[in-house]
Amino acid sequence: MKAFLIQEFVSNPSTIKPSNVPTPAPNPDQYIIRIIHCSPQHADILHAQGKHQNNNRKKGWCFPPFILGYDFAGVVQTTPSNGSSSRLKKGDRVFGAAIGAFAECICVSESAIRRIPDRLSNETACAMSGQAVSYAAVVNIAKVRKEDTVLVSGASGGLGSVCCMVAKVLGAKVIALAGDETKAGHMRRDMGVDHVVVENDGWIEQVLDITGGQGVDVVLDNTGMVNDAIRCLAYFGRIVILGFAARKGVMEEVKMNKLLLKSATVVGYRFGESGRRYPDELQKIWDGYLGLLESGKLKPMLFRKYEGLDDMGRALGDLAERRVYGKIVVKVADVETSSKL
Ligand SMILES: NC(=O)c1ccc[n+]([C@@H]2O[C@H](COP(=O)([O-])OP(=O)(O)OC[C@H]3O[C@@H](n4cnc5c(N)ncnc54)[C@H](OP(=O)(O)O)[C@@H]3O)[C@@H](O)[C@H]2O)c1
């Protein structure tokens, strides 16, 4: 099969080309999924560069040689051979997340995949599968209410754009932070947020002006800007740390007195680990998130068209160069489906 094989870490993942590799053999408890779409994200770039905590030689994760990629949607080709009672059957449409998704096939256990609801297309499921974290951060962790003003950093990105959309569904006022004016223009047109503020000199003053000097009630931080978030924050405000997309691996330091002075709450949220520890909660998160997608209240914001694994280099380049707003979905194979949204 064709796959995006990492033979050694690369500084520029957009230069990698797909190669032919042996089709993987499933363990007895694994499904083989034929991949129809896959979706690159920030972490894939770090994985390819060897800069992510998952690049772990001892555990064998993301250590060369490995196939890059995480989010995918596809069709069940074979079910587990160990006779375990599986919820899924051959031909079912599924989406999921597992290292090795930039390929024509992937072997996964049942915990890595979910059935795509009938009303959702494979493309939508693939684009949105990685952002249940955003739903959970807004609804369960920040507990956003309709009277809140919410600031989202990295708002053009996969997580950030869905944080904005979910907060809008809850009725909150949303301020989206954008990296440049070009992106901000697209975001003003397509995202339905209340304000898009470009991160240039004076952006914090703009946020304070928008809130009449009060500051925002909630910050959803996808880029690593807690110090700036505190400056934008209202008294008793809350900050949810989701990621560090802008930090290039160097973490910031925060003076604790700044938190005390605003009675601020800062909370980190690690979606994958939370789900492993609290599977019942995870199921509720997926039910709520998929419910919003099925009702059409949440819709993917797709960036450009990408066809075939040969186009993955261009996709990763666009992501690394910060050209993307919303999500990239790469179509890997042509398969007819009857879904609607
Ligand atoms: N907490 C969790 O469970 C969890 C789960 C998945 C991912 N994450 C993390 O969350 C963060 C966001 O992930 P994502 O998938 O939304 O990423 P993404 O789609 O690449 O979006 C990140 C956004 O951050 C902004 N940004 C600012 N400085 C940047 C820089 N130097 N390089 C790249 N982007 C920069 C970009 O917007 P502008 O150019 O407009 O500024 C970009 O749209 C990542 O750190 C990821 O590892 C956390």
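## Domains and the ligand site

The domain bounds used here come from an automatic or database domain assignment. On that basis, domain 1 comprises residues 2-115 + 302-331, and domain 2 comprises residues 131-272. Both domains give residues to the shell around the ligand, so the ligand lies between them. The structure is a predicted model.

## The shell around the ligand

There are 23 residues around the ligand, and those that come nearest are Ser 156, Leu 159, Gly 179, Lys 183 and Leu 242. Sorted by class, the shell holds 9 nonpolar, 10 polar and 4 charged residues.

## Polar contacts and burial of the ligand

Ser 156, one of the residues that come nearest to the ligand, places an N or O atom of its side chain 2.7 Å from a ligand oxygen atom. A polar backbone atom of Phe 271 is 2.9 Å from an oxygen atom of the ligand, while a backbone N or O atom of Ala 245 lies 3.3 Å from a ligand nitrogen atom. Taken alone, the ligand exposes 910 Å², of which the protein buries 85%.

## Aromatic pairs

Phe 9 belongs to the loop between strand S2 (5-6) and strand S3 (19-20), and Phe 63 to the loop between helix H1 (42-49) and strand S5 (66-67). The pair therefore ties together parts that are 54 residues apart in sequence. Phe 9 is partly exposed, at 30% relative accessibility, and Phe 63 is likewise partly exposed, with a relative accessible area of 22%.

The rings of Tyr 235 and Phe 236 form another edge-to-face pair, because their planes are at 65°, with the centres 5.1 Å apart. Tyr 235 has a relative accessible area of 53% and is exposed. Phe 236, at 59% relative accessibility, also counts as exposed.

## An aromatic cluster

Ring pairs also join several residues into a group. Phe 95, Tyr 135, Trp 286 and Tyr 289 are linked in this way into a cluster.

Notes:
Residues are numbered from 1 along each chain as its sequence is written. This is a predicted model: local features need pLDDT of at least 70, side-chain atom pairs count only at pLDDT 80 or more; totals for chains, interfaces and linings use all residues. Side-chain values use heavy atoms; hydrogens and water are left out. A residue is near a molecule or strand if one of its heavy atoms lies within 4 Å of it. A polar contact is a pair of N or O atoms within 3.5 Å; within protein, one must be able to donate a hydrogen and the other to accept it, and residues adjacent in sequence count only if both atoms are side-chain atoms. Accessible areas come from the Shrake-Rupley method with a 1.4 Å probe; for residues, only the protein chains shown count as cover. Ala, Val, Leu, Ile, Met, Phe, Trp, Tyr, Cys and Pro count as nonpolar, Asp, Glu, Lys and Arg as charged, and the others, Gly among them, as polar. Helices (H or I, at least four residues) and strands (E, at least two) are DSSP runs, numbered from the N terminus. Buried means under 20% relative accessible area, exposed over 50%, partly exposed in between (1.4 Å probe, protein chains only). Rings of Phe, Tyr and Trp (its six-membered ring) pair if their centres lie within 6.5 Å; planes under 30 degrees apart count as stacked, over 60 as edge-to-face and the rest as tilted.
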